[in-house]
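Please read the following account with the structure open beside the text, and take each paragraph as one step of a walk through the model.

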Amino acid sequence: MTELWIAVGIALIALLASIISVEFGLSIAIVEIVLGVVAANFFGLESASWVDFLAAFGAIVLTFLAGAEVDTHLLRTEFKGSLLVGGVSFVAPFVTALLFSHYAAGWSWRAAEICGVALSTTSLAVVYAVLVETGLNRRRVGKLLMSATFVTDFGTALALSLLFVKPTGWIIPFVAVSALLIWLLPKISPWFFRRYGDRVIEPEIKLVFFLLFLLMALGKLSASHAVLPAFLVGLAASQLYAGHDLERQRLRVVAFAFLTPVFFIRSGMNVSLTALGANLGLLVALFGVKVAAKLGAVLPLARSFVGRDSVFFTLLMSTGLTFGTISSLYGYQAGIIDKAQFSLLVTVVVASAVIPTAIAQRWFRPNTEEEVDGMTNGRLVHAEGDD
Amino acid sequence: MYDKILVALDGSEGSKKALAAAVELAYTFGAELHSLAVEGKLPAYAATLGEVDEAKAEKDAFFDRIDREAIEYAAGRGVELHPVKMVGDPADRVVHYAEQGEFDLVVLASRGHSLAHRFHLTGTADKIIDHAPCSTLLVR
């Protein structure tokens with residue numbers, strides 16, 4: 001298959017995914033993954049080196065955006081609770097999935113580490129959508145959920161970067177440049193945005209892309225992964241982006257129009273339905289391990305922080321999508337996990353975005369009946385928060 | 001006969017017909033007219049906050065326009081419209097709002113604006129008709 005026809009195939013999938021997403025109110029990411037699975041398994045769509053490269057860059061851009069989306073004020077407000085809940089939400093499934101995949105499924109230690117990282121995640125975006133829809137983002141349960149998810153995401157990024165480091169001479173410049181960027185970016189960005197921002201040639205997006213490519217290059221030289229510095233650089237830029245909605249929107253436009261579709265479609269294309277069919281038992285077991293570990297560890301803590309909403313809280317902490325997919329794709333492209341293991345992990349990750357969310361909304365949704373207390377003309381009526 | 005009427009709006013051609021019928025009834029009976037626009041669900045299982053924020057902003061802008069147009073339409077026919085927006089499941093929200101607001105009549109369209117809406121149209125309309133605490137008028 002020529003590279004141009006691969007491009008045509010991916011562009012068509014991206015277009016179809018957008019249409020399906022709009023018509024059925026589904027996340028574009030899940031539709032792209034599913035269509036990628038269908039295209040590769042039923043229509044023989046193949047990948048190319050440039051697709052893999054763009055997918056890897058899409059993953060780093062997604063990580064940067066995740067960092068830039070962190071509400072640092074919220075994190076400070078709920079620091080103690082979020083550190084505890086978010087930390088446990090990362091560690092418990094990480095350790096459980098690592099041990100299960102190694103001892104019960106016979107995966108190598110390194111493959112088991114990828115499994116642990118991929119299944120430890122909580123999807124901030126899945127959580128956020130539910131909270132905004134229910135108005136719970138303005139209540140304490142919602143605020144704690146969001147801030148705890150930031151912490152879990154940080155744990156995932158940290159693990160993915162540190163676990164697979166091979167000590168080389170390049171690790172020092174990698175760490176030094178990362179630290180310099182995290183320190184320098186908030187200082188120079190306001191000036192840069194003022195001087196060069198708000199132009200159709202988008203110097204500020206080019207600055208972000210340059211920094212992310214630089215981190216990827218240094219990460220590769222040091223046999224590490226740029227996900228942690230990319231997350232932290234995004235975090236360092238979060239305050240700046242909070243005051244520059246237009247710039248943030250333009251970055252999202254570039255990411256959503258081109259980079260993230262390639263990432264999610266490529267992830268789907270790696271999934272082998274044959275491998276899934278041959279490992280259905282393990283698939284169910286891995287999903288069970290993730291949810292059981294989250295429930296077992298987070299639920300007791302959630303009870304003490306949010307009381308009656310603890311099951312809803314814990315189920316949403318059991319969701320995963322973006323970081324789980326990023327971790328799995330990294331493991332596959334680095335040769336740490338094979339196609340069957342990748343297929344299992346991505347399927348479990350997607351299932352964890354859907355099933356716990358559906359259960360939480362269907363049976364454990366907190367009462368928001370007071371929503372219509374204020375029938376104020378023309379404004380959006382939401383649950384009154386307890387803040 | 002009707003003192004307080006609620007019309008469900010979603011920006012579709014059908015909901016414009018529902019608005020026209022509701023305005024006509026409100027004018028005829030001298031009833032108080034309210035509209036409820038339910039923004040519907042945000043993208044389920046999103047991958048980034050940005051996707052959710054952008055979808056929410058698009059819905060807000062869309063429904064702000066719907067409300068403005070509805071107010072202008074009603075005012076042009078001598079009726080004052082009181083619009084409200086909500087997020088969530090349309091059927092649940094309409095039924096609950098009608099209960100809380102003690103409406104006499106709910107007016108709704110038989111067709112939504114998206115393909116997905118059409119697929120579960122019968123379910124939504126049926127649910128509202130079955131559970132509404134008052135009379136309902138389904139406009140085709």
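Predicted model: local features only at pLDDT ≥ 70, side-chain atom pairs only at ≥ 80, totals over all residues.

Among the contacts in chain B that join residues at least 6 apart in sequence, 74% link residues at least 24 apart. Buried residues account for 47% of the 140 residues of chain B.

Chain B contains 5 helices and 5 strands, and when these are read along the sequence they give the pattern β-α-β-α-β-α-β-α-α-β. The radius of gyration of chain B is 15 Å, close to the 14 Å that the globule rule gives for 140 residues, and chain B is therefore as compact as a globular protein of that length. Taken along the principal axes, the box filled by the C-alpha atoms of chain B is roughly 50 × 30 × 25 Å.

The strands of chain B can be followed next. They form an open sheet of 5 strands in the order E3-E2-E1-E4-E5, with parallel pairing. At the edges of this sheet lie E3 and E5 of chain B, each of which pairs on one side only, and from one strand to the next the twist averages 20°.

Strand E4 of chain B, which covers residues 105-109, has 5 of its 5 residues buried, so it is largely enclosed by the rest of the structure. In a regular strand, side chains alternate between the two faces of the sheet. In E4(B), Leu105(B), Val107(B) and Ala109(B) point one way, while Val106(B) and Leu108(B) point the other way, and all are buried. Strand E1 of chain B, residues 4-9, pairs with E4(B) in the parallel sense over 3 bridges, and within this pairing Ile5(B) stands opposite Leu105(B). E4(B) is also joined by 5 bridges to strand E5 of chain B, residues 135-139, and these two strands run parallel; here the bridge partner of Leu105(B) is Ser135(B) in E5(B).

E1(B) is also joined to strand E2 of chain B, residues 32-38, by 6 bridges, and the two run parallel. Val7(B) stands opposite Ser35(B) in E2(B), and Ile5(B) stands opposite Leu33(B) in E2(B). Of the 7 residues of E2(B), 6 are buried, so E2(B) is largely enclosed by the rest of the structure.

Because Leu33(B) has 25 C-beta neighbours inside 10 Å, it counts as buried. When residues up to four places away in sequence are not counted, Leu33(B) touches Ile5(B), Val7(B), Ala22(B), Val23(B), Ala26(B), Ala74(B), Val79(B), Leu81(B) and His82(B). The C-alpha atom of Leu33(B) is separated by 19 Å from that of Glu13(B), a residue 20 residues apart from Leu33(B) along the chain.

Helix H1 of chain B, residues 13-29, lies across E1, E2, E4 and E5 of chain B and runs at about 170° to E1(B). H2(B) also packs on the sheet, where it touches E1, E2 and E3 of chain B, and its direction makes about 165° with that of E3(B).

Where does chain B meet chain A, and how many residues are in contact? On the side of chain B there are 30 residues, in contact with 31 residues of chain A. Helix H2 (49-76), strand E3 (81-86), helix H3 (90-101) and helix H4 (115-119) of chain B each supply at least two residues of the side that touches chain A. The largest share of that side, 7 residues, comes from H2(B), and the residues of the side as a whole divide into 15 nonpolar, 9 polar and 6 charged.

In chain A, one helix can be examined on its own. At 1.5 Å a residue, the 12 residues of helix H16 of chain A, residues 322-333, should span 16 Å, and its end C-alpha atoms are 16 Å apart, which agrees. H16(A) is mostly covered, with 11 of its 12 residues buried; among them are Phe323(A), Ile326(A), Leu329(A) and Tyr332(A). Following H16(A) comes Gly335(A), whose phi is positive, near 75°.

Technical notes. Residues numbered from 1 in each chain as written. Chains lettered and ligands numbered in written order. Contact = placed C-beta atoms within 7 Å. Helix = DSSP H or I, 4+ residues; strand = E, 2+ residues; numbered from the N terminus. Nonpolar A, V, L, I, M, F, W, Y, C, P; charged D, E, K, R; others polar. Buried ≥ 20, exposed ≤ 12 C-beta atoms within 10 Å, placed from the backbone. Pairing = 2+ DSSP bridges. Axes fitted to C-alpha atoms, helices over the stretch in contact; angles between N-to-C directions. Rg over C-alpha atoms; globule rule 2.2 N^0.38 Å. Expected span 1.5 Å × (residues − 1).
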